[in-house]
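Have the viewer open beside you and follow along.

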Amino acid sequence: MPRTSAGLLLHRTRDGQVEVLLVHPGGPFWANKDLGAWSIPKGEHGPDDDPQACAEREFAEELGSAPPPADPGHDIDLGTVRQSGGKVVRAFARAGDLDADAITSNAFEVEWPPRSGRRQSFPEVDRAAWFALDEAYERINAAQAALLDRLADALGAAR
């Protein structure tokens, strides 16, 4: 059974352009990677978990604050994508705003440098940023680009 994750794609409109909030993974592996490394805030969940509740929980863990409240019935279910490692990601889009410079991510521990016996702590997300759709396509994990397509279609936005 493939691993499953759920995430929340926050979007806003500035100067007539749709912008999306993406996060950059923390840790030494991602430190020097940019294009294709960004993602929607997301996290794994079990088969009996509610994907939308998971998406909201993971947003809060990775960014340090709860997502903006949803207008009832206004979240957009963007469906699923399968990433290259086989993980299936379900995404929900929500209109809202957030100060991307004020994030405080939870942390994880990893042996670093490899085979050193030393464990170090790193933020799960080292930064967040708002991107217009055209730039978001360059930054986001390639498998997640379909989520941007679906959002653009739902909003009637140019890509």
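**Entry 1: an arginine to start with**

Is arginine 94 buried or exposed? I looked it up in this model, which is a predicted one. Arginine 94 is buried, because its relative accessible area is 3% and the cut-off is under 20%. Next I checked its partner: the side chain of arginine 94 meets that of aspartate 75 in a salt bridge, 2.9 Å from N to O.

I then searched the whole structure, and the search gave 14 salt bridges. A reminder to myself: side chains of opposite charge can pair when their charged atoms come close.

I picked out arginine 12, which pairs with glutamate 19 at 2.7 Å between the closest N and O atoms. Arginine 12 is buried at 17% relative accessible area, and glutamate 19 is buried too, at 14%.

Arginine 14 was my next stop. Its salt bridge is with aspartate 97, with 2.4 Å between the closest N and O atoms. This pair links distant parts of the chain: arginine 14 belongs to strand β1 (residues 4–14), while aspartate 97 lies in the loop between β5 (88–95) and β6 (107–111), 83 residues apart. I found arginine 14 partly exposed at 35% relative accessible area, and aspartate 97 partly exposed at 39%.

Asp34, Asp126, Arg127, Glu135 and Arg139 are joined by them into one network.

**Entry 2: β4 and β5**

How do β4 and β5 pair? They run antiparallel, and I noted six bridges between them. Across the pairing, aspartate 77 stands opposite phenylalanine 92 in β5. The two strands make a hairpin with five residues between them, and glycine 86 in the turn has a positive phi of about 100°.

**Entry 3: nonpolar cores**

The largest nonpolar core holds 21 residues, and Leu9, Val20, Leu22, Ile40, Leu78, Leu148 and Leu151 have the most contacts inside it. Elements that give it two or more residues are β2 (17–25), β4, β5, β8 (125–132), α2 (133–139) and α3 (145–155). Of these, α3 gives the most, with five residues.

Leucine 148 is in contact with Leu9, Val20, Leu133, Ala136, Tyr137 and Ile140.

**Entry 4: helix α1**

Last, I ran a length check on α1. Its 13 residues should span 18 Å at 1.5 Å a residue, and the end C-alpha atoms are 18 Å apart, which agrees.

Which residues of α1 are buried? I listed Pro51, Cys54, Ala55, Glu58, Phe59, Glu62 and Leu63. These lie on the same side of α1, because they cover an arc of only 140° around the axis.

I then asked what covers the buried residues of α1. The cover includes β1, β2, β3 (42–44), β5 and β8. After α1 comes glycine 64, with a positive phi near 85°.

Note on methods:
Residues are numbered from 1 along each chain as its sequence is written. This is a predicted model: local features need pLDDT of at least 70, side-chain atom pairs count only at pLDDT 80 or more; totals for chains, interfaces and linings use all residues. Side-chain values use heavy atoms; hydrogens and water are left out. A salt bridge is a side-chain nitrogen of Lys or Arg within 4 Å of a carboxyl oxygen of Asp or Glu. Buried means under 20% relative accessible area, exposed over 50%, partly exposed in between (1.4 Å probe, protein chains only). Helices (H or I, at least four residues) and strands (E, at least two) are DSSP runs, numbered from the N terminus. Two strands pair if DSSP finds at least two bridges between them. A nonpolar core is a set of buried Ala, Val, Leu, Ile, Met, Phe, Trp, Tyr and Cys residues joined through side-chain atoms within 4.5 Å. Contact means heavy atoms within 4.5 Å. The expected span of a helix is 1.5 Å times one less than its number of residues. The arc is that of the directions from the helix axis to the C-beta atoms. Lists of a residue's contacts leave out its neighbours within four places in sequence.
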